[in-house]
Amino acid sequence: MKIILFGGSGMVGQGVLRECLRADGVSEVLAIGRAPLEARHPRLKQLVQADLFALAPLQAQFDDFDACFFCVGSSVSGADEDAYTRINHDLPLAVAAVLARANPGMAFTYVSGQGTDASERGRTTWARIKGRTENALQQLGFRAVYLFRPGLIFPLHGETSSTRLYRMTYAALGWLSRPLRRLFPNSVLDTEQIGEAMLQVARSGAGNHVLESTDIHRLAMAWRSNDIRREHAR
């Protein structure tokens, strides 16, 4: 598979990138962002683009990829509605529109969030905005759109959040990561599982397009199971 990744510098994106580069079935990862990533790998290519709203002139570069993992997002904390909408609605749709024109056979995976309001009529502003984004993405003509709605996510391999409040929270509660994931495996996830689940839907699809934490956990387990079978076959 050839994968396009947006948001590789964020906590979730760092984990997704790690799993992509570990996967034997991924031949290339194109990481697109406003600044270069520190990661280096023979299968990692980077496209630094200061304005992610201006990808249309580069459209021809995206015509032979199998999937896009869109992990860009901003925290609702401290953001006004216009700023939140620009990053969590306008940007993913601008990017997805270019990719859909370049390659409608691609699968597009978007990291949304637990509690997203697909009706677009609820009281919670961020949930309405994310719901509007989800609904619009499904109308762009991709082969498949997968909407990940994780709840609590723990960084597992040194990934760090760009949001100071989140970094402090993870630093204070990191010791709870292992027991919480063991006690609540279907609702508490880690960055490794997010990446594994994205790879699984890119490779094999999923029964639903909206994937809650329970679904993400199941897909991650399916990916691991296939990896174990491959190891045994060698």
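Contact means heavy atoms within 4.5 Å.

**View 1. The whole chain, a predicted model.** Local features need pLDDT of at least 70, side-chain atom pairs count only at pLDDT 80 or more, and totals for chains, interfaces and linings use all residues. Residues are numbered from 1 along each chain as its sequence is written, and side-chain values use heavy atoms, with hydrogens and water left out. Among contacts between residues at least 6 apart in sequence, 67% join residues at least 24 apart. The chain has 7 helices and 9 strands; these are DSSP runs numbered from the N terminus (helices H or I, at least four residues; strands E, at least two). Of its 234 residues, 48% count as buried. Buried means under 20% relative accessible area, exposed over 50%, partly exposed in between (1.4 Å probe, protein chains only).

**View 2. The open sheet.** It has 7 strands, in the order β3-β2-β1-β4-β5-β6-β9. The pairing is parallel; two strands pair if DSSP finds at least two bridges between them. β3 (44-48) and β9 (210-212) stand at the edges. Each has a single partner strand, so one side of each is left without a neighbour in the sheet. The twist averages 20 degrees from one strand to the next. Axes are lines fitted to C-alpha atoms, for helices over the stretch in contact, and angles run from 0 to 180 degrees between N-to-C directions.

**View 3. Strands β1 and β4, with helices on the sheet.** β1 (residues 2-6) and β4 (residues 67-70) pair in the parallel sense over 4 bridges. Leu5 stands opposite Phe69 in β4. Helix α2 (residues 81-102) packs on the sheet and touches β1, β4 and β5 (107-111). The direction of α2 makes about 170 degrees with that of β5. Helix α3 (residues 125-137) also packs on the sheet, touching β5 and β6 (144-149). For α3, the angle with β5 is about 180 degrees.

**View 4. Helix α6, residues 191-204.** 12 of its 14 residues are buried, so α6 is largely enclosed by the rest of the structure. The buried residues include Ile194, Met198, Leu199 and Gln200. Asp190 caps the N-terminal end: a side-chain oxygen lies 3.0 Å from the backbone nitrogen of Glu192. Just after α6, Gly205 takes a positive phi of about 75 degrees.

**View 5. Arg218 in helix α7.** Helix α7 spans residues 213-233. Arg218 is partly exposed, with a relative accessible area of 42%. Arg218 and Gln200 are 18 residues apart in sequence. In space, their C-alpha atoms are 9.9 Å apart.

Notes: The expected span of a helix is 1.5 Å times one less than its number of residues. A polar contact is a pair of N or O atoms within 3.5 Å; within protein, one must be able to donate a hydrogen and the other to accept it, and residues adjacent in sequence count only if both atoms are side-chain atoms.
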